[in-house]
Amino acid sequence: MLIPIEAILFCFLIVMAVVIAQLEDLFAAAMLTGIFSLLSAGLFTVMDAVDVAFTEAAVGAGVSTVFILGTLSLTTKWEDQQAPRIWPFAAVGIMGAALIYGTLDMPGYGEIHSAPNQHLARQFIEIETQAFLDSHGGGHAEVEHAPAPEEAHTPAGDEHGAAHGSSDAEAASEHRQKAVGLPNIVTSILASYRGYDTFGETAVIFTAAVGVLLLLRTRRREEDAEDEEEAQEHAPSPQAEASP
Amino acid sequence: MSPVPMKMRDKVILRVVSKVFIPFMFLFALYVQFHGDFGPGGGFQAGVIFAAGFILYGLIFGLRTLREAIPPRIVECGLALGLLLYGGTGLTSILLGANFLDYDALNPAHPTHGQHLGILLVELGVGITVTAAMTLIFYSLAGRAQR
């Protein structure tokens, strides 16, 4: 029997979202956001986006839950009681409807004839498969029938600029498409084909951390002094202001 | 709920279980980091898992213990170091006569090996920066919550 696991996970996600919106206990809401992330990680896994699922599980379900809890400890545990407001709800509803309308144009899930599956993704996969088999010896015959390298030559060549540096490489590789040759094509695209983008993303993370430091770490000297005082008083003192 | 409740330290089960788990978390993070070329994962995921290990340690044993184990100054250096490693790989490829971040130049005889080396370095840079960023955010939030 075929279990519609995607539909089930989506139902769970919707239930979770509604419950999170309803809850007034922010601590419970924070925990449920973690579960929401875990469910979406499961959904991504089912959809074969393993790298995304990994990130979602580590960041969404793991670290960001801790950060939300840390933020909660700076504010309060309970949501402010407010009369339900119509305009924000309407704005969200219209936005959601617009997004759903936008998806009507998209190709079906897993559609083999969709544009990305016919062009870019296929090119990447063909180039990379070829390169991987080349670098591991043998397997030439299996891939020779693929017309990919010729037809893929122009666009991929544009992305990389002219072929340089590799001119002194062995003759065989001159004909070969410039490739990375890693089994995990996501890593090849992230770190090599789109290395510049990933550099930018790393810079964004760097900048974000610097921003957090500048905002939250304003009184560093005093803090250190406090720490030393506390340390002298001996560590596990009962003055712990924490409530579990 | 403070992210660093002192009482956590006294809970035996939490303490023992987390002490057993943390080394495996680091090991798994290293696996994700260096096996990212072949399986799912990569620098970003590994960095987050690594930072999660630090954060778990901080949650259970207190922020000050974590600060002593990994001084914030070193984490701040790591934040910049990762980005510099990434940029440095790019600059190296320029100095070797290729485009920015064109790893083929790292090993002209075997462009594929150059690619692998470049990706390894770049992912390591991402991993270091992400670990440092997550740990620093935790330091900042928890340090403020403690007051």
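Residues are numbered from 1 along each chain as its sequence is written, while chains are lettered from A and ligands numbered from 1 in the order in which they are written. Because the model is predicted, local features need pLDDT of at least 70 and side-chain atom pairs count only at pLDDT 80 or more, whereas totals for chains, interfaces and linings use all residues. The model has an ipTM of 0.88 and a pTM of 0.77. The average pLDDT (the predictor's confidence in each residue, from 0 to 100) of chain B is 88, and 93% of its residues score at least 70. Where pLDDT is low, the predicted coordinates should not be read in detail.

Chain A contains 12 helices and zero strands; helices (H or I, at least four residues) and strands (E, at least two) are DSSP runs, numbered from the N terminus. Of its 244 residues, 21% are buried. A residue is classed as buried if 20 or more other C-beta atoms lie within 10 Å of its own, as exposed if 12 or fewer do, and as partly exposed in between, with C-beta atoms placed from the backbone. Contacts are assigned to two residues whose C-beta atoms, placed from the backbone, lie within 7 Å. Among the contacts of chain A between residues at least 6 apart in sequence, 56% join residues at least 24 apart.

Helix α11 of chain A covers residues 195-216, 22 residues in total, and spans 31 Å from its first C-alpha to its last, close to the expected 32 Å at 1.5 Å a residue. The expected span is 1.5 Å times one less than the number of residues. The buried residues of α11(A) are A:Gly195, A:Thr198, A:Phe199, A:Thr202, A:Ile205, A:Phe206 and A:Ala209. They lie on the same side of α11(A) because they cover an arc of only 120 degrees around the axis, the arc being that of the directions from the helix axis to the C-beta atoms. Exposed residues on the other side of α11(A) include A:Tyr196, A:Asp197, A:Val204 and A:Leu215.

Elsewhere in chain A, A:Tyr109 is located in the loop between α4 (86-103) and α5 (115-118). A:Tyr109 counts as exposed because it has 8 C-beta neighbours inside 10 Å. Its C-alpha is 9.1 Å from that of A:Met47, at a sequence separation of 62 residues.

Chain B comprises five helices and zero strands. Its C-alpha atoms fill a box of roughly 60 × 30 × 20 Å along the principal axes. Of the 147 residues in chain B, 53% are buried. Residues 24 or more positions apart provide 66% of the chain B contacts with a separation of 6 or more.

B:Asp104 occupies the loop between α4 (72-95) and α5 (111-146) of chain B. This residue is buried, since 28 other C-beta atoms lie within 10 Å. B:Asp104 and B:Gly114 are separated by 10 residues in sequence and by 4.9 Å between C-alpha atoms.

The largest nonpolar core has 63 residues, of which A:Val63, B:Val48, B:Ala51, B:Ile55 and B:Ala133 touch the most other members. Such a core is a set of buried Ala, Val, Leu, Ile, Met, Phe, Trp, Tyr and Cys residues joined through C-beta atoms within 7 Å. The most residues in this core, 14, come from α5(B). Apart from neighbours within four places in sequence, B:Ala51 is in contact with A:Val63, B:Val130, B:Thr131, B:Met134 and B:Thr135.
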